[in-house]
Amino acid sequence: MTDKVEILEKTKVTHDVWAITTARPDGFSFEPGQATEVRIDREKWRQEPRPFTFTSLPDDDVLEFTIKAYRDHDGVTNKLDEVKVGETLLVDDPWGAITYKGPGTFIAGGAGITPFLAILRDLKKKGQLSGHRLLFGNKTSDDIILRDELDDMAGLEIIYALSDENKDGMREGHFDNAALKDILGTTDQVFYVCGPQKMVDGVIKNLKALGVSADMIVTED
């Protein structure tokens, strides 16, 4: 089923990320971490669906998507830079394998933080953030999505890593095998992984090398 939803608000999050808030259709339900196919309700773009994660919560009155624009090609995310409040988007039914399975470590690369935003916001609302950890990799500190909000999540341990910048208080490089071994300690927990496919594949390979079983790794199918 496809719903047409009006854009109610657009907020700049970083230099290339928007938070887009839309109306919520009656009876529309999803779990934190899930996604949907979104299309721009314009001629030539209605047949160009792209997957985006809900960053709003299931009991919010609106839907929110936090979307990174890839300006190096003329695609949907770039076109979303242009859409204005009052225009409409086409939203399909929710789907996705990334949902909360219990306490553990969230490992995100860039815009891969988006499914975890909804999960972490939900845990914060329930007072259940303690005992969770976020490993968040980006190119530079300017690329960190919603850093202020994340830093304000009391009880959540956060470790940032930057591949293209040296900055006090943040690790250099990627969350490779050596970094994960240094950081994790116990592997008896759930691991949530999302980001660019190359990063996801590498992290999963390294987690398995450290003894994490496949059924303890939550990622998109």
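Colleague: How many residues of domain 2 are in contact with the 16 residues of domain 1?
Modeller: Bear in mind that this is a predicted model, where local features need pLDDT of at least 70 and side-chain atom pairs count only at pLDDT 80 or more, while totals for chains, interfaces and linings use all residues. Residues are numbered from 1 along each chain as its sequence is written, and side-chain values use heavy atoms, with hydrogens and water left out. The domain assignment (automatic or from a database) gives domain 1 as 2-96 and domain 2 as 104-219. Counting contact as heavy atoms within 4.5 Å, the 16 residues of domain 1 meet a domain 2 set of 14 residues.

Colleague: How much area do domain 1 and domain 2 bury between them?
Modeller: Buried area here is the accessible area (1.4 Å probe) that two parts lose on being put together, summed over both. Carbon and sulfur atoms carry 64% of it. The total between the two domains is about 1200 Å².

Colleague: Which three residues supply more than any other three of the area that domain 1 buries against domain 2?
Modeller: The trio accounts for 33% of what domain 1 buries against domain 2. For scale, the domain centres, taken over C-alpha atoms, are 24 Å apart. The three are Pro32, Thr55 and Leu57.

Colleague: How many salt bridges does the rule find across the interface of domain 1 and domain 2?
Modeller: The rule wants a side-chain nitrogen of Lys or Arg within 4 Å of a carboxyl oxygen of Asp or Glu. By this rule the overall count comes to 15 salt bridges. Across the domain interface, the number found is two.

Colleague: Which element gives the largest share of the side of domain 1 that touches domain 2?
Modeller: Four residue pairs are in polar contact across the interface, both at pLDDT 80 or more. Two elements give two or more residues to domain 1's side, namely strand S1 (3-14) and strand S5 (62-68) (strands are DSSP E runs of at least two residues, helices H or I runs of at least four, numbered from the N terminus). The largest share, three residues, comes from S5.

Colleague: How far apart in sequence are the parts tied together by arginine 42 and glutamate 87?
Modeller: Those two form a salt bridge, with the closest N and O atoms 2.9 Å apart. Arginine 42 sits in the loop between strand S3 (35-40) and strand S4 (50-53), and glutamate 87 in the loop between helix H1 (76-80) and strand S6 (88-91), so the parts they tie together are separated by 45 residues.

Colleague: Are arginine 121 and glutamate 64 buried or exposed?
Modeller: Their side chains meet in a salt bridge at 2.9 Å, N to O. The pair links distant parts of the chain, with arginine 121 in helix H2 and glutamate 64 in strand S5, 57 residues apart. On the accessibility scale (buried under 20% relative accessible area, exposed over 50%, partly exposed in between, 1.4 Å probe, protein chains only), arginine 121 has 17% and glutamate 64 has 16%. Each residue of this pair therefore counts as buried.

Colleague: Which residues do salt bridges that share partners join into one network?
Modeller: Two of the members, arginine 42 and glutamate 87, form a salt bridge with each other. Arginine 42 is partly exposed at 23%, and glutamate 87 is partly exposed at 22%. The network consists of Arg42, Lys79, Glu82 and Glu87.

Technical notes
Polar contact = N/O pair within 3.5 Å; in protein donor to acceptor, adjacent residues only side chain to side chain.
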